[in-house]
Amino acid sequence: MSVRELVVLGTASQVPTRHRNHNGYLLRWDGEGILFDPGEGTQRQMLRAGVAAHDLNRICVTHFHGDHSLGLAGVIQRINLDRVPHEITAHYPRSGQRFFERLRYATAYRETVALTEAPVAADGPLAVTSAYTLDARRLSHPVESYGYRLTEPDSRRMLPDRLAAHGIKGPDVGRIQRDGSLHGVPLDEVSEVRRGQRFAFVMDTRLCAGVHALAEGCDLLVIESTFLDEDETLATDHGHLTAGQAARVARDAGVRHLVLTHFSQRYSDPEEFERQAREAGYAGELTVARDLTRVPVPKRR
């Protein structure tokens with residue numbers, strides 16, 4: 001059975017707290033697992049969440065600040081210790097190549113797994129598979145940072161009443177899907193476009209064009225909201241978003257389900273983030289993430 005969900009492994013920003021581990025997010029997309037921003041402690045959080053090294057197919061790092069990448073060393077070594085049988089691809093800013101190499105070889109271990117390095121150097125597609133296209137967009141942070149977006153290809157939904165009206169049934173349904181028409185009836189007449197699902201992951205950044213491009217039309221948007229709105233100046237100075245800014249991005253982009261995360265240690269009440277997001281006009285589904293939360297990708301429209 002296919003599963004599409006976000007598993008939240010950690011929600012803290014620079015400093016973890018008693019209730020918030022450093023960053024870590026696993027997107028389950030049918031038979032694949034994409035791990036985003038494994039901060040310190042991610043390997044243990046995976047264990048607590050029931051996520052195995054075998055579940056991973058890609059690792060995507062937005063930037064090389066410690067709360068987004070220090071867990072790489074442990075995760076990579078665990079992948080090799082467990083002898084994951086398939087190739088794993090790692091995406092990260094090319095400008096941080098030296099940091100990735102230091103983390104990959106932080107200590108001695110036996111390499112048993114094919115880990116392909118696929119660094120990001122510019123906006124655009126990183127991978128195209130039959131299940132999705134993975135894109136990157138540059139963000140605005142004191143160090144080079146990229147957000148990621150996964151887009152499922154559109155498909156077709158056959159319309160039973162239209163098929164019946166044209167007397168198309170049985171093997172002929174497959175034929176019209178394959179050939180595009182049947183006995184003068186075009187495929188468009190008996191089907192409609194089924195929009196592919198869209199997911200985006202936006203971490204440390206100020207408001208910028210990349211944020212809006214990543215969020216546009218998303219079914220599920222995971223976005224940082226390090227600060228509350230009263231600290232907007234502080235957020236801008238440090239290259240971050242507030243709860244209200246993140247919510248307005250989601251509102252304007254038509255996001256169906258918004259996940260706020262990456263909270264500063266200065267705040268202890270998660271309900272305040274939700275209140276400010278609603279005040280900003282976001283009316284869709286909203287999750288203020290907590291460690292080990294599971295968030296399903298909304299069902300297709």
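The legends below describe several close-up views of a predicted model. In this model, local features need a pLDDT of at least 70 and side-chain atom pairs count only at pLDDT 80 or more, while totals for chains, interfaces and linings use all residues. Residues are numbered from 1 along each chain as its sequence is written, and side-chain values use heavy atoms, with hydrogens and water left out.

**View 1. An open sheet of 7 strands with mixed pairing.**
The strands follow the order β6-β5-β4-β3-β2-β1-β18, where strands (E, at least two residues) and helices (H or I, at least four residues) are DSSP runs numbered from the N terminus, and two strands pair if DSSP finds at least two bridges between them. Strands of a sheet pair through backbone hydrogen bonds, either parallel or antiparallel. At the edges of this sheet lie β6 (115-117) and β18 (294-296), each of which pairs on one side only. On average, and with direction ignored, neighbouring strands are turned by 20 degrees against each other; the axes are lines fitted to C-alpha atoms, for helices over the stretch in contact, and angles run from 0 to 180 degrees between N-to-C directions.

**View 2. Strands β5 and β6 with the helices that pack on the sheet.**
Strand β5, which covers residues 88-91, pairs with β6 in the parallel sense over 3 bridges, and A90 has E117 in β6 as its bridge partner. Helix α3 (residues 72-81) packs on the sheet and touches β3 (32-36), β4 (58-60), β5 and β6, contact meaning heavy atoms within 4.5 Å. The direction of α3 makes about 175 degrees with that of β4. Helix α4 (residues 97-104) also packs on the sheet, where it touches β5 and β6, and its direction makes about 165 degrees with that of β6.

**View 3. The salt bridge between E152 and R300.**
The structure holds 19 salt bridges, each being a side-chain nitrogen of Lys or Arg within 4 Å of a carboxyl oxygen of Asp or Glu. Between E152 and R300, the closest N and O atoms are 2.9 Å apart. Because E152 lies in the loop between β9 (146-151) and β10 (155-158), whereas R300 lies in the segment after β18, the pair ties together parts that are 148 residues apart in sequence. E152 is buried, with a relative accessible area of 11%, and R300 is partly exposed at 33%; buried means under 20% relative accessible area, exposed over 50%, and partly exposed in between (1.4 Å probe, protein chains only). Through salt bridges that share partners, R4, D30, E152 and R300 are joined into one network.

**View 4. The salt bridges D172 to R175 and R138 to E144.**
In the pair formed by D172 and R175, the closest N and O atoms are 2.5 Å apart. These two residues are 3 residues apart in helix α6 (residues 171-179), so they are separated by about one helical turn. D172 is partly exposed at 21% relative accessibility, and R175 is partly exposed at 35%. In the pair of R138 and E144, the closest N and O atoms are 3.5 Å apart, and R138 is partly exposed, with a relative accessible area of 41%.

**View 5. Positive phi values at D37 and R83.**
Most residues other than glycine have a negative phi, and most peptide bonds are trans. D37, in the loop between β3 and α1 (42-49), has a positive phi near 45 degrees and is buried, with a relative accessible area of 0%. R83, in the loop between α3 and β5, has a positive phi near 50 degrees.
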